[in-house]
Amino acid sequence: MLSENSVLQVGFFTPSMQSAVDQRVKADKIPDGNTVPKSFHYQTILTTGSTPIPRSLIEQLPKLEMIANCGVGYDNLPLAYLKERGIVASNTPGVLNAAVCELTFGMVFALLRKLPQAQSFVLEGRWPSAAFPLTTSLAGKRVGIVGMGRIAQDLAKRLIAFDVHIAYCTPKPKDLPYLYVGHIEALAEQSDLLIMLCPGGAATAKIANAAVFKALGPQGFFINVARGSVVDEAALIETLKTQGIAGAALDVFNNEPNINPEFLTLNNVLVLPHLGSATTETRHAMIELTLDNLQAHYRHQALKTPIPL
Ligand code: 8YV
């Protein structure tokens, strides 16, 4: 048990994750990064991965040495300021790939085969008097993936089994057997499905914009399992309103969970409450890895999965 009273937990975990934390760490807890901590002596922060950690919080903690972030993405952390202060941080790569891939497939099939609409069709008693309209298959489609990190590579491997053509866009080509396209707009132009799987942050802010949706076109589908920040949401809403693309499936948004209410008024978008890693097995592996990193720091060992700063 880490009981130096020097761990500050920021944000709340689900009950089973919190009980895993409580078995290994005695931490003071605050609900979010804007709450003033009751002391300035904390050496480490343990946080959920979806909790923004503002610079203003860290400025109140002169003794802070390390942040253990329970998520693979780390756009919730003020990286430049951490670097300036010499504060190290860890994330949870690897352990959530399968869960995110599985959710992506769920979204793809829900979108292409119109599963939510089909469920409503049956529940509303419309089946006896009409046939549900035909939908479209995944097989033979051109799938464009934006980003080609660990999760995207695992997704691509799984996609192969569905007989699709895979292309991808990253800043630099990788040694992979998929078609490399240097620009997102060009990728959208030659894709039937565009899947966002790149990191969030300044470098990818709003890269899926009006021009990309135009290039994807009225038969194209847009899937986002990356971050809300990678999308120009106003442009996406406008595109969906005018049937500029065939549909979108979104697991991530700006300002979660208080998302733009316009998304709730559209009938060609599937909206999910950020479920990418949300399985019991995955969240268990994520919290254990997070705590292993925290423990490694207190034992003066190398972090298992450090964030490159
Ligand atoms: C959750 C995620 O947001 O790992 C990530 O980057 O987006 C998700 O797993 C969160 O981190 C869960 O705590």
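Which side chain does Asp-154 join in a polar contact, and over what distance? I looked this up first. A polar contact of 3.2 Å joins the side chains of Asp-154 and Asn-97. (Polar contact: a pair of N or O atoms within 3.5 Å; within protein, one must be able to donate a hydrogen and the other to accept it, and residues adjacent in sequence count only if both atoms are side-chain atoms.)

I note the ground rules. This is a predicted model, where local features need pLDDT of at least 70 and side-chain atom pairs count only at pLDDT 80 or more, while totals for chains, interfaces and linings use all residues. Residues are numbered from 1 along each chain as its sequence is written, and side-chain values use heavy atoms, with hydrogens and water left out.

**Entry: Asp-154**

I placed Asp-154 in helix H6, residues 150–160. (Helices are DSSP runs of H or I, at least four residues; strands are runs of E, at least two; both are numbered from the N terminus.) Asp-154 is buried, at a relative accessible area of 19%. (Buried is under 20%, exposed over 50%, partly exposed in between, with a 1.4 Å probe and protein chains only.) Leaving aside residues up to four places away in sequence, Asp-154 touches Asn-97 and Cys-101. (Contact: heavy atoms within 4.5 Å.)

**Entry: the two domains**

I found domain 1 at 7–94 + 280–298 and domain 2 at 97–271. The bounds come from an automatic or database domain assignment. Their centres, taken over C-alpha atoms, are 31 Å apart. Six residues from domain 1 and seven residues from domain 2 make the contact. About 500 Å² is buried between the domains, and carbon and sulfur atoms give 48% of that. (Buried area: the accessible area, 1.4 Å probe, that two parts lose on being put together, summed over both.)

I counted one salt bridge between domain 1 and domain 2. (Salt bridge: a side-chain nitrogen of Lys or Arg within 4 Å of a carboxyl oxygen of Asp or Glu.)

**Entry: salt bridges**

The structure holds 11 salt bridges. I checked some of them.

Arg-24 pairs with Glu-288, the closest N and O atoms being 2.7 Å apart. This pair links helix H1 (residues 15–24) to helix H10 (residues 280–298), 264 residues apart. Glu-288 is partly exposed at 22%. Arg-24, Glu-288, Asp-292 and Lys-304 are linked in a network of salt bridges.

Asp-22 forms a salt bridge with Lys-29 at 3.7 Å between the closest N and O atoms. Asp-22 is partly exposed at 35%, and Lys-29 is partly exposed at 40%.

I also logged Arg-227 with Asp-75, at 3.0 Å, N to O. Arg-227 is buried at 19%, whereas Asp-75 is partly exposed at 35%.
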